[in-house]
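My notes follow in the order I looked things up.

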Amino acid sequence: MKNKFWKIGICACMAAGCLSGCAEGGAKEAVDLNSMSLDEIVSKAKEDGEINSVGMPDTWANWVETWNEIEETYGITHTDTDMSSAEELAIFKNEASDATKDIGDVGQSFGPVAEEQGLTLPYKTSYWDSIPDWAKDDDGDWIIGYYGTITFITNTDLVKDAPTSWQDILEGDYSVTIGDVSVATQAQSGLLSAAIAFGGSESNIQPGLDFFKKLAEEGRLDMGDASVARLEKGEIEVAVLWDYNALGYRAQIQENNPNASFEVTVPSDGAIQSGYCTIINAYTKRPYAAALAREYILSDEGQINLAKGYARPIRDDVELPEEVEANLLPDEQYQNARFIEDQEAWDQAVADLSTSWQEEVVAYAK
């Protein structure tokens with residue numbers, strides 16, 4: 001599974017001298033995508049002929065259909081190198097004017113960081129007015145294309161009553177798999193969701209740590225990965241995953257084993273939502289192909305493709321086909337889900353999580 005959200009230390013800015021020097025030979029100073037018509041971009045994108053992405057593999061949120069359709073429609077071939085959000089920014093920065101990558105897909109909090117580091121090439125797309133203000137940079141340096149919500153996936157062959165809240169888990173007797181909270185944003189968002197359920201917030205994650213400490217003390221905290229392989233083998237009773245991962249894993253497992261029984265639920269007492277944004281490499285050698293890819297991702301077709309991968313499209317004016325809508329969780333499950341409200345406080349909490357998770361939770365695991 002793609003570990004998009006491994007948050008390693010990355011500097012908040014780059015020296016101006018480095019930026020100007022690294023930009024030489026790249027697209028950064030030479031291309032103003034926002035001044036071009038879509039027809040001009042399409043024409044030049046066909047001349048680019050290919051696009052190399054990072055963190056946008058075929059198996060994540062159904063990227064495969066979008067890449068296939070871009071190739072079929074425009075003759076632009078595609079390759080991807082899967083990596084975390086922090087690694088995406090690092091490769092853009094380190095390669096600079098020797099760029100081999102054109103576009104990436106990063107966790108919501110990484111979009112502004114990429115812009116601050118001078119790693120982004122702005123492009124608003126023709127769907128600009130359909131994108132909520134909170135989901136885009138003013139100039140189009142980053143644009144959220146889809147988002148996910150923390151859920152539980154329960155193997156109902158192992159757990160009779162699937163939990164629908166963190167309180168249910170607290171009162172249960174089964175094990176829970178959340179992944180490595182010290183490095184993975186999916187797991188970190190699960191921790192924050194639990195904290196919220198018990199009165200915490202972005203600036204007070206202690207209730208979440210206390211919750212998982214109790215599970216650890218009871219021998220109910222599974223320290224392994226929340227992978228589709230482990231779910232399929234029956235090694236996991238309840239896992240904490242983004243909704244599109246949980247639904248996608250369930251579909252994949254049931255395709256191989258129609259008798260497998262998994263229930264996916266949004267915790268009613270605390271569920272964080274988070275978006276993912278495309279960033280066009282400031283130093284790309286193929287800026288037009290990258291711009292066209294973003295254009296397609298935000299088109300009706302691209303948004304529907306993401307929904308086919310169980311992600312929630314950012315554009316609410318796109319009408320999903322009935323069969324696609326039917327595969328998503330009902331809207332009423334999301335009533336108490338919310339996005340991060342205090343990003344600064346949450347960033348600080350995440351910076352300290354590696355230590356606090358190890359000392360306050362892992363140390364008590366049985």
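Is the crossing of H8 and H14 left-handed or right-handed? I looked it up in the model, which is predicted. The crossing of H8 and H14 is right-handed.

**Entry: the helix pair**

I noted how two packed helices are described: by the angle between their axes and the distance between the axes. Here I took helix H8, residues 206-217, and helix H14, residues 343-360. Their axes cross at roughly 35° and come within 10 Å. Next I listed the residues that meet. H8 brings Gln 206, Leu 209, Phe 212 and Lys 213. H14 brings Leu 353, Ser 356, Trp 357 and Glu 360. I sorted this contact by class and found four nonpolar, two polar and two charged residues.

**Entry: the largest pocket**

I turned to the largest pocket, which holds about 470 Å³ of space. It is lined by 20 residues. Closest to its centre I found Thr 59, Trp 60, Ala 61, Gly 248 and Gln 252. Which helix gives the most to this lining? I found helix H10, residues 243-256, with seven residues. By class, I have nine nonpolar, seven polar and four charged residues in the lining.

**Entry: the whole protein**

Last, I looked at the protein overall. I recorded 14 helices and eleven strands. The radius of gyration is 21 Å, close to the 21 Å that the globule rule gives for 366 residues, so the protein is as compact as a globular protein of that length. Along its principal axes, the C-alpha trace spans about 60 × 45 × 35 Å.

Notes
Residues are numbered from 1 along each chain as its sequence is written. This is a predicted model: local features need pLDDT of at least 70, side-chain atom pairs count only at pLDDT 80 or more; totals for chains, interfaces and linings use all residues. Side-chain values use heavy atoms; hydrogens and water are left out. On a 1 Å grid over the protein atoms alone, a cavity is a set of points where a 1.4 Å probe fits but cannot get out, and a pocket is an open set with protein on both sides within 12 Å along at least five of seven lines; lining residues have an atom within 4 Å of a point. Grid points are joined across faces, edges and corners, and a volume is the space filled by probe spheres set on the points. Helices (H or I, at least four residues) and strands (E, at least two) are DSSP runs, numbered from the N terminus. Ala, Val, Leu, Ile, Met, Phe, Trp, Tyr, Cys and Pro count as nonpolar, Asp, Glu, Lys and Arg as charged, and the others, Gly among them, as polar. Axes are lines fitted to C-alpha atoms, for helices over the stretch in contact, and angles run from 0 to 180 degrees between N-to-C directions. A crossing is left-handed if the near helix is turned anticlockwise from the far one by less than a right angle, and right-handed if clockwise. Contact means heavy atoms within 4.5 Å. The radius of gyration is taken over C-alpha atoms; the globule rule is 2.2 Å times the number of residues to the power 0.38.
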